[in-house]
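I opened this entry to look up how two chains meet. My notes follow the order in which I checked things.

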Amino acid sequence: MNAINRNEQQALARAVLEIDVNNHAGVMSHVVGLFSRRAYNVEGILCLPVGDGQRSRIWLLVNEDTRLPQMIKQVEKLEDVIAIRRHHADHAVFSELKAFFQP
Amino acid sequence: MTETLNGAQITVRLLERQGIRIVTGYPGGAILPIYDALGQSTVIRHVLARHEQGAGFIAQGMARASGEVAVCMASSGPGATNLLTAIADAKLDSIPLVAITGQVPKAMIGTDAFQEVDTYGLSIPITKHNFLVSSTEELLEVIPRAFEIAASGRPGPVLIDIPKDVQARSIEITQWPEPGQCRPAAPAPADALQQAATMINTAARPLLYLGGGVVHSGASALAVELAEKANLPTVMTLMALGAMPVDHPLSLGMLGMHGARYCNLALDECDLLIAVGARFDDRATGKVAAFCPNAQIIHIDIDPAELDKIKTAHIGITADVSEALSRLLPMVSANSREIWVDRIRSLKAEFPQVFPDADRPLSHFGLIREIAEHLDDDASVATDVGQHQMWVAQAYPLRRPRQWLTSGGLGTMGFGVPAAIGAALAEPQRTVVCFTGDGSILMNIQELVTAGEEGANVKIVLMNNATLGLVHQQQTLFYGERLFASQFKAMPDFVRAAQALGIAAVDLDTAADPVASLHAALDQPGPCLIHASIDAEQKVYPMVPPGAANRDMIGA
């Protein structure tokens, strides 16, 4: 399998979620808990404060799954989640970090 | 005016300002400042449970009977873990609860301090939301917010964990926040309602499927009005029983695993299912692929995550069901729907729900019938979990929303007695009957002491078959009759146990005139245990075997 094909397959099999949240202790736990209780693996997590630090942005790399629409609805219901957006797996946020994740 | 108050006093004052008049709980070291402040309140009465789980279910009973947010309290560590089952139960049945727990002082959090447990972490998956309060000032924001969250949208439990030093620290208060109230939901989209109305108006065999959301939303009368206007035969989930009187001509009673055969067969034939405040629970649907196989689906629910979760809806409407139904009603045309109503009538005649031995007052159905006939619709009915629960769901003529208190989603044995006490506290003018079993009652029997202390008007009807009836039934039917751990060898003397715990008790087994004794016990104000032995071989029928389609019911 050549590299292009591998990327294509990844693009098909993965999704990137961008989640705006309030920035305080426990919020990450609320979000990832929704995945772990369903035995739904989160492949990648990135989180940093945004602006004055009142809010954070969580980026999740997850596998495409028939349960993903339900997961997004469940995340939306969390009190500390302000917004959630779904992107394709080729979103730059994770691909540009590759250098930090060499074996 | 500036007041200097500590966090505990602020907490109690905010509860008073919320309109809370009863809290139930159990004290301990980490919540003692709040108990100290609570003891000074002239407005709030504290009901001391005998186990934190009892406190959680007493609060649930109050919330289920009244529809208002109820409050329970516990200390840190074991106090908090004991509350968790009642909180999880509230989550699954969408019951508005605010649970307040004490926590070790902030500086000791994470040190494995005495009676420290990660209450916040433990409660994340079983609450609608939770808070670990990090400063006394924050209480002014968190407590009203907790009530707002518990009551808004799909109701649910909210936990507030308050470290002891946050309770003890004093601050100056110049202004109090407004009490937290239910936020109104966004209105249903008009075009979706119009499409739904068109589907109802053109359907040949529509069915209305009511869930607990109809009760929570106060939409029962609207649902009945809609059913009557368009002649929609109506099924109810366990949680919705009483939303439409179960003996209403359009009612098909409870659907699903232990629903009437005619009810499940009607669902098989319908061409339109109008799901209102229901969530397609597996006990209701049976094998999902075979549930209403020929039907289009309209699904109205306040929780958008319920739409398309189990079954994809043709029209999904996120709305408060009261608001949606009130606007849907004028769009739906009156329709006598004679062919379909006739078909329902003939299904009922051909596949009736049978109540064996109902004319014998000491049989399981006979007891339920005798009690129902002696009481009126003002009485509330609580149950524990097991065979007795399903028999009452099948046979008790529930006619009023909030008349029925049962643990549906979590199916928690031990729910009945404390929930009945809570209902009696919330509505002291009513008689509350609690049907229970010999397995369930032992899981919270200590609350009989609470019932006695409070003089709660609860009649606990103990249907004793010395067996874990539903386990026994499944082992008999599906595990080659290999009965294991489902028959009790040692049995307490429940009548003497109840008396020892401080309430009146009557044994129908030995009464000279059992019916007269039953009536006397029901009529006497205050708590009473009514004990009756029943036959361990009786099954809950009909029954959909686990994993099977509803049409493949067995028995009766």
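Which residue of chain B forms a salt bridge with A:E79, and how far apart are the closest N and O atoms? I looked it up in the model, which is a predicted one. The partner is B:R145, and the closest N and O atoms lie 2.7 Å apart. I then took the count of salt bridges between chain A and chain B, which is 2.

Next I noted the polar contacts. Between chain A and chain B I find 7 residue pairs in polar contact, both residues at pLDDT 80 or more. On the side of chain A that touches chain B, the elements giving two or more residues are α2 (27–36) and α3 (68–77). The most comes from α3(A), with 4 residues. I sorted that side of chain A by class and got 1 nonpolar, 5 polar and 5 charged residues.

Then I checked the extent of the interface. I count 11 residues of chain A in contact with 14 residues of chain B. The two chains bury about 1,000 Å² between them, with 49% of it on carbon and sulfur atoms. In chain A, the residues that lose the most area to chain B are A:H30, A:K73 and A:E79, together 55% of what that side buries.

Last, I looked at chain A by itself. I list 4 helices and 4 strands, in the pattern α-β-α-β-β-α-β-α along the sequence. Of its 103 residues, 33% are buried. Chain A exposes about 6,300 Å², and 53% of that is supplied by carbon and sulfur atoms. Among contacts in chain A between residues at least 6 apart in sequence, I note that 73% join residues at least 24 apart.

Conventions: Residues numbered from 1 in each chain as written. Chains lettered and ligands numbered in written order. Predicted model: local features only at pLDDT ≥ 70, side-chain atom pairs only at ≥ 80, totals over all residues. Heavy atoms only, no water. Contact = heavy atoms within 4.5 Å. Buried area = accessible area lost by both parts, 1.4 Å probe. Salt bridge = Lys/Arg side-chain N within 4 Å of Asp/Glu carboxyl O. Polar contact = N/O pair within 3.5 Å; in protein donor to acceptor, adjacent residues only side chain to side chain. Nonpolar A, V, L, I, M, F, W, Y, C, P; charged D, E, K, R; others polar. Buried < 20%, exposed > 50% of the residue type's maximum accessible area, 1.4 Å probe, protein only. Areas by Shrake-Rupley, 256 points an atom, 1.4 Å probe, with all protein chains shown as cover.
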